[in-house]
Amino acid sequence: MSATSPAIAQTRFEPRLMRRKLSGTVFLGLCLAAIGVLLIALLMLLVDVFGRGWPWLDGAFLTGAPSRRPAAAGILPALVGSLEIGLIVGALTFPIGVAAAIYLQEYARDDLVNRLLRTNISNLAGVPSIIYGIFGLALFVRALSLGYTLLAGALTLVLLILPIVILASMEALRAVPDSLREGAYALGATRWQMVSGTVLPAAAPGIMTGIILAMARAIGETAPLILVGAVTFVTFLPNPVDGGYTVLPIQVFQWASRPQADFQGIAAATIIVILLVMVVLNALALFVRVRLSRHIQW
Amino acid sequence: MTMPAGAAGLLTRPPRRSERVIEASLFLAATVGVLTTVGIVIVLTFEALEFFRLVSPVAFFTGTVWSASIEPLQWGVIPLAVGTLMVALIGLVVAVPVGLLAAVYLAEYASPRTRNLVKPMLETIAGIPTIVLGFFALNFVTPVLLKPLFGSGLGTFNALAGGLVVGLLITPLIASLSEDALRAVPRGLREGAFAMGATRWEVVRKVVLPAALSGVMASIILAMSRAMGETMAVVLAVGTNPQLTFDPLESVQTMTAFIVQISLGDTPQDSLQFKSLFAVAATLFALTFGLNVLGNRIVARYRNAYS
Amino acid sequence: MFHPRQARIGALLATALIVAGACTTSGATSKPTDGASLTPAPTAAASPLGGAIAIDGSSTVYPISEAVAEEFQNANPGVKVTAAFSGTGGGFKKLCAGETDMNDASRPIKTEDKPGAKSEATLCKEAGIEYVELEVALDGLSVLVNPQNSWVDCLTTAELKKIWDTGSTVATWADVRAGWPADPIKLFGPGADSGTFDYFTEVINGKAKQSRSDYTQSEDDNALVIGIAGDKNALGYFGFAYFEENQDKLKLVPVDSGTGCVAPSNQTIADGTYQPLSRPLFIYPSTRALERPEFAAFVQYYLENVNGFVDEVGYIEIPADRLQASKDALGSALQ
């Protein structure tokens, strides 16, 4: 303890509380301003898109085929293309992604190989989507000779969202408490019986949510599909193994590239459809999570 | 994953054959990830090497003129790289302050009710398909926001609009990763600072942020990688003029936009132009993968540091 | 093992995914087609027509082909027509590789072999692909500036060459003509795969494909329109139809090739006074593809109705005798 007198100690320390509190308030104001900026940006985007696109949205638009005349144009081939791709991607990613996640989370020992697998998945999740497009071009379109088909596009997107699905499923599996696992073992279950009978059902809501959200991501992707050949003027409904298909984001891209304001309008209308699809999928994910987790108590 | 001691007796006998088969098939599924990475590296390297047999790598990496189809052909990637970096940096200039402030707010100040409003908003922004952002840049940001500011110095295609929407795109990434980093700082540190009489802002500024610095850095690195790899948000808004310039009001071309341009043009697959696509893609992959590895490593480190 | 309700929901979702995937694939195709093979395959001579047609090539000609494709498909729903615009040069490469049935071209096919580069005609011949050259429309390649550009009212061909030639140092409008503003000139034009590029560089710069390279290049003329419409100092060139469709966004520049300033219009292009930038537009169907009834019907439909579409799109009809010559050429190719 120093021998300073209380008087000296008093003069050295000035609380300056008002000023410090003020800077705190200023900072809080900045934080709120930041959030406000984000909110305003989001609102501007939605208002612009809906304002431009809403007048064009009607039944004929949803069921018609693209046309060189904006008034006659529709998005049915693109809509069907997007739905087909979403379904194929979901159906393929589900088994592979969940299986990989189960292995990495439940089976893998913590040795070098498995740590490598895990970091690899994390790094893959950050690879630009266009690189997946290039890889899909080389592998599915050329090497496997699938050509510029919807199937090749779907497979490319599977590779793109697989890391995301694996990571989300691993999170869901991680959230299951060990007591459930130990209980299963205590009853004599083998590892697979434990996983399939106890852990998976408990993690199911999280896993399903992850897959649905990944499907939503796949439906919004544009760049990889351009690489594997999904452009061109397409007025017919696509067949996965035949050539010639388009999806909603690429339809937006094509129409947005045209200078006439009417084309910007139908591009905006297509965007509204895409956003609605996203909302539906997100709501489905939420519903699945709530519904399936009603039985879970821990 | 965990093996309680009591159950050890059950598993001292060799696992049933079906168990092993199951484990093997699960392992196969897990290797898809590695196979994808290996596949990407092989394809990019192989095709890029094909390109570098015909064009000197030195000319590619140090050249300042990019003319891929008009004679005389020149293959200097620097204009494309500068275009990419410029757009990414503009994005970061927007996203880092906004994202960090949002993260601090969510981690330190927000009530649960406000959290339930702000987090979904961030997730919505993160979930917007990037083509929509490109559309927004072309139809709103440039004509409505930027033209009145810059007048005739600004064309329809410019790097600034692309950079701004890319910034909007990566803000949720920075916000959520930084928020994780801030939350990972142990309560004890905060409470110690409070106990010494610090205001909330001072606790954040002097204790929490420095402690979470590596996590914040990681979020910036990962966001930078994301911004550089962004395609559709810039393809519509930034243009196809591969000129070397540092002026954000000019139209430039990013590496990703060039890749799209070539594949839209459907150049024949054995032409030099098509091969240049792979060289550019390989460069982009190397840059973004490097940043990702670095960022993920820092994230892993700070997640362990406090647990 | 599973909770019964969870198992049911999970199984339902999984089955739904798979079944829906299978259903939409089979149910979503339109009238039965004979597979989408792009190589000519003999089809049963049945009506209605079915099959797939692939078109690529010039972005200049694309609006016409797009219109024809759309109306033809409306009349024949069993036929799938895909149309793209990679550029005249890119389209020829695909035609000669057998990947497309027809190429749209804004310049004639190259027949002259150069050292180290075979001509397009030679490549086609080597691949065994024969084609028919059909002239379908006239275009006046137009020079455009932004409507706010108040100083340009005419450009001579010499000035155009000064701006666009390879190695050009023109950077501001003042460099083009003394007295013009010293603002930087922003250039927009097609890329090297474009027939428009080939044609413009040949007649203005003197040699095809000889051009400066530091400008915004796009095979998509719409992108050029958007660019010019948004920049006061912009200058660009592309097909006349793209001006016709965007007259509120662009200002046309008359061109003086020595005999006075002439602006492109239906009149001046048709009678040839808009020089040197008036040019014919072509389609090149492959003769092998013409053996397929749906494609033969398509090309016949094209020529029968081309004038209507050309007017709609904004180009100029070719004189009646030349249209008849095209029809005769098609007729003899179909025999």
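## Ground rules

A salt bridge here is a side-chain nitrogen of Lys or Arg within 4 Å of a carboxyl oxygen of Asp or Glu. By that rule, the interface of chain B and chain A holds 2 salt bridges. This is a predicted model, where local features need pLDDT of at least 70 and side-chain atom pairs count only at pLDDT 80 or more, while totals for chains, interfaces and linings use all residues. Residues are numbered from 1 along each chain as its sequence is written, chains are lettered from A and ligands numbered from 1 in the order in which they are written, and side-chain values use heavy atoms, with hydrogens and water left out.

## Chain B on its own

Let's start with chain B, which has 12 helices and 2 strands; helices (H or I, at least four residues) and strands (E, at least two) are DSSP runs, numbered from the N terminus. The order along the sequence is α-α-β-β-α-α-α-α-α-α-α-α-α-α. Its C-alpha trace spans about 75 × 60 × 30 Å along the principal axes.

Of its 307 residues, 57% are buried, a label that means under 20% relative accessible area, with exposed over 50% and partly exposed in between (1.4 Å probe, protein chains only). Take the contacts (heavy atoms within 4.5 Å) between residues at least 6 apart in chain B: 70% of them join residues at least 24 apart. Chain B exposes about 12,600 Å², with 66% supplied by carbon and sulfur atoms; such areas come from the Shrake-Rupley method with a 1.4 Å probe, and for residues only the protein chains shown count as cover.

## Chain C on its own

Chain C comes to 13 helices and 13 strands. Of its 335 residues, 54% are buried. For contacts with a separation of 6 or more, residues 24 or more positions apart account for 74%. Chain C exposes about 13,200 Å², and carbon and sulfur atoms supply 55% of that.

## Where the chains meet

The size of an interface is often given as the accessible area lost when the parts come together. Buried area here is the accessible area (1.4 Å probe) that two parts lose on being put together, summed over both. For chain B and chain A that is about 7,000 Å², 77% of it from carbon and sulfur atoms. The contact involves 79 residues of chain B and 76 of chain A. Glu47(B) and Arg142(A) pair up through their side chains in a salt bridge, at 3.5 Å from N to O.

Between chain C and chain B, about 1,800 Å² is buried, with carbon and sulfur atoms giving 50%. Here 25 residues of chain C touch 24 residues of chain B. The count of salt bridges between chain C and chain B is 1, and Lys186(C) and Glu250(B) make a salt bridge at 3.8 Å, N to O.

Most residues other than glycine have a negative phi, and most peptide bonds are trans. The Glu71(B) to Pro72(B) bond is cis, with omega near -5 degrees, and Pro72(B) sits in the loop between strand 1 (66–67) and strand 2 (74–75) of chain B. Gln275(C) and Pro276(C) are also joined by a cis bond, omega about -5 degrees; Pro276(C) is in the loop between helix 10 (266–270) and strand 13 (278–285) of chain C.

Then there's Ser145(A), not a glycine, yet with a positive phi of about 55 degrees. Ser145(A) is in the loop between helix 6 (129–143) and helix 7 (150–174) of chain A, and is exposed at 59% relative accessible area. Lys209(C), not a glycine either, has a positive phi of about 70 degrees. Lys209(C) belongs to the loop between helix 7 (195–205) and strand 8 (216–217) of chain C and is partly exposed, at 28%.
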